[in-house]
Amino acid sequence: MKYLYLNTLFFIAFGWFRLVYSVAWDQVDTFKAPLTFQKQEGDGIKIIASNLNVPQEIAWGPDNQIWIAEHAGVVSRMDPVSGSITKLLQLKDVWQSRSAGLLGMALHSDMKQFPYVFLCYTFQKEKNYATRLVRYTSVRDTLVDPKVLMEIPVGNGHNGSRIAVHQGLLYWATGDALSLIDSQNPQTPNGKILRMNMDGSAAADNPMKGNPVWAWGFRNIQGMVFSKSGQLYTSEHGDATDDEINLIGEGKNYGWPTVQGFAESSEESTFKGLNNTIDPIKAWTPTIAPAGLDYYPYDKIPALKHSLLLVTLKAKSFRVLKMDKEGKKILSEQVYFENKFGRIRDLCVSPAGDVYLATSKRDWNPVSGFPLPSDDRIIKISKLDPANPQNMISSIPAGSKSAQLYLQYCASCHKENGTGVKGTFPSLLSSLIVVNNPKEFIKKILAGSNGPVNISGLTYDASMPSFAFLKDEDLIEISTYVRSLGSNHAAPIKPELIKEVRTALNK
Ligand code: HEC
């Protein structure tokens, strides 16, 4: 009790700034003992937290603490110096399944006046599921007084999401929730960037009066940031191709699902012409699974100045996207730490110019060999030298061309060794079609699928993208490789078969 009382006094004296050294950890419920070991990983690179559980979002707070939102519904605050962590909130109704869970967090940019913390998460109420945006109020070491600002339809995947606060308004990037029609319908909330007042009502000067929609045509945004000059950027997961970075304009259409990446095909350019869609400022094929996005305005690490900083899941890297002066073009891309820390889901930048990365190795789709016992981790970067080869570990392990193509296009779902993920992505080793029915096998790669498919008595409700965009020679490499994976011992696929199936499918 004595400590509780002392603690309260400290808070009265110091506002909501936390004192980490002067409390007895075991006396106060909301405090956890430091979880963390701190370890130097190289010049200017330090592990400052470990044993986290999928930090979905990390944010630098005005209290100089790192605020952490974990996928299972936990919000906490960490002292970046001592590594000690205080748990502020455990959501009770979060629905955590595959990618669904606690998905985004933002702090109000003026917390002294508006001590608000915004969260979005998928939840379950009896037999109903939805995604909601909630405003909490930060009081000492808890978050209280939740106000639900909006509830929108949820999907088995593609629920986004990120939140940002800018000039007193709230921006919420919502996923398409696997609907193929919502993104192009400005009257529904999915596949959009919504712009709202602090109470969830549509901002007064939005493009359509009374409608929170600010921009549309999105699939599944995973990173969102305002630059110093107030431009809004997003990172987004594409389907089999075309992950994107977009510069967001008021009332603009970004083309999904018809336009993927730059409008290149004739169907895409026709759609672009009719609907005035906006191309991304950067796109990636093969995909990299971009996630958290931030902007770096500081001098401390010169290689990062005036760049978008991006972390990636599938490509397991930290990327620096240098922009032109106006922030309208990406001039170069520098990839750091490939494979060094595993999947990275979010990052934040402190006012001192240090960058913090948060790994995502305990999530639903881990890479083989992970998680390590100390995952997930937060890594502090205070120095970065592009000339130091230690920072530039190469991504794709050396191997045959076919192995590389398989890693780039198939392994994120079916896993490096082809075993898949039970109940979600089928194994390619025990597949009946891979070895015994080459025509169906090639058909599956070219056509993909959308909706539940029954394989050997199990239902798979995740969809498989079409890989018809791959060149025939790459398709031969990949399909032949899959037919030789693990216990599969089947003959190479012939070019004629690919031509025959393409013609039959008109792909
Ligand atoms: C985004 C995830 C994803 C990616 C990437 C992906 N697949 Fe699939 N794949 C699935 C899902 C989900 C299914 C199950 C539904 C179905 O059969 O359509 C599936 C099914 C299959 C099947 C059918 C298995 C059976 O026994 O019927 C084959 C074969 C296959 N994939 C091969 C590939 C190959 C080869 C690649 C790379 C070119 C690839 N997949 C990339 C998700 C993916």
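Strands, as the word is used in these legends, are DSSP runs of E of at least two residues, and they are numbered from the N terminus. The model shown is predicted.

Figure 1. Pro286 lies in the loop that runs between β18 (282-284) and β19 (290-296). The peptide bond leading from Thr285 to Pro286 is cis, and its omega is near -5 degrees. Most peptide bonds are trans.

**Figure 2. A cis peptide bond joins Asp375 and Asp376**. Omega for this bond is about -10 degrees. Asp376 belongs to the loop between β24 (355-359) and β25 (378-381).

**Figure 3. Leu178 and Asp242 each sit in a loop and have a positive phi**. Most residues other than glycine have a negative phi. For Leu178, phi is near 70 degrees. Its loop connects β12 (169-173) with β13 (192-196). Leu178 has 41% relative accessibility, so it counts as partly exposed. For Asp242, phi is near 60 degrees. Asp242 is placed in the loop between β16 (232-236) and β17 (243-248). Asp242 counts as buried because its relative accessibility is 15%, and the cut-off for buried is under 20%.

**Figure 4. Thr188 makes a polar contact with Asp182**. Thr188 is located in the loop between β12 and β13. Its relative accessible area is 19%, so Thr188 is buried. The polar contact joins the side chains of Thr188 and Asp182 at 2.8 Å. When neighbours within four places in sequence are set aside, Thr188 is in contact with Asp182 and Val213.

**Figure 5. A shell of 24 residues surrounds the ligand**. The closest of these residues are Cys410, Cys413, His414, Ser449 and Met464. By class, the shell has 18 nonpolar, 5 polar and 1 charged residues. Which elements each supply at least two residues of the shell? They are α4 (411-414), α5 (432-436), α6 (438-447) and β26 (453-455). The most comes from α6, which gives 3 residues.

**Figure 6. Polar side-chain atoms of His414, Ser431 and Ser449 lie by atoms of the ligand**. For His414, a polar side-chain atom is 2.8 Å from a nitrogen atom of the ligand. A polar side-chain atom of Ser431 lies 2.8 Å from an oxygen atom of the ligand. For Ser449, the distance from a polar side-chain atom to an oxygen atom of the ligand is 2.4 Å.

**Figure 7. The chain that holds these sites has 8 helices and 27 strands**. Its radius of gyration is 23 Å, close to the 23 Å that the globule rule gives for 507 residues, so the chain is as compact as a globular protein of that length. Along its principal axes, the C-alpha trace spans about 80 × 50 × 50 Å. Of the 507 residues in the chain, 55% are buried. Among contacts with a separation of 6 or more, 53% are between residues 24 or more positions apart. The accessible surface of the chain is about 21600 Å², and carbon and sulfur atoms account for 54% of this surface.

How values were computed
Residues numbered from 1 in each chain as written. Heavy atoms only, no water. Near = heavy atom within 4 Å. Polar contact = N/O pair within 3.5 Å; in protein donor to acceptor, adjacent residues only side chain to side chain. Helix = DSSP H or I, 4+ residues; strand = E, 2+ residues; numbered from the N terminus. Nonpolar A, V, L, I, M, F, W, Y, C, P; charged D, E, K, R; others polar. Rg over C-alpha atoms; globule rule 2.2 N^0.38 Å. Buried < 20%, exposed > 50% of the residue type's maximum accessible area, 1.4 Å probe, protein only. Contact = heavy atoms within 4.5 Å. Areas by Shrake-Rupley, 256 points an atom, 1.4 Å probe, with all protein chains shown as cover.
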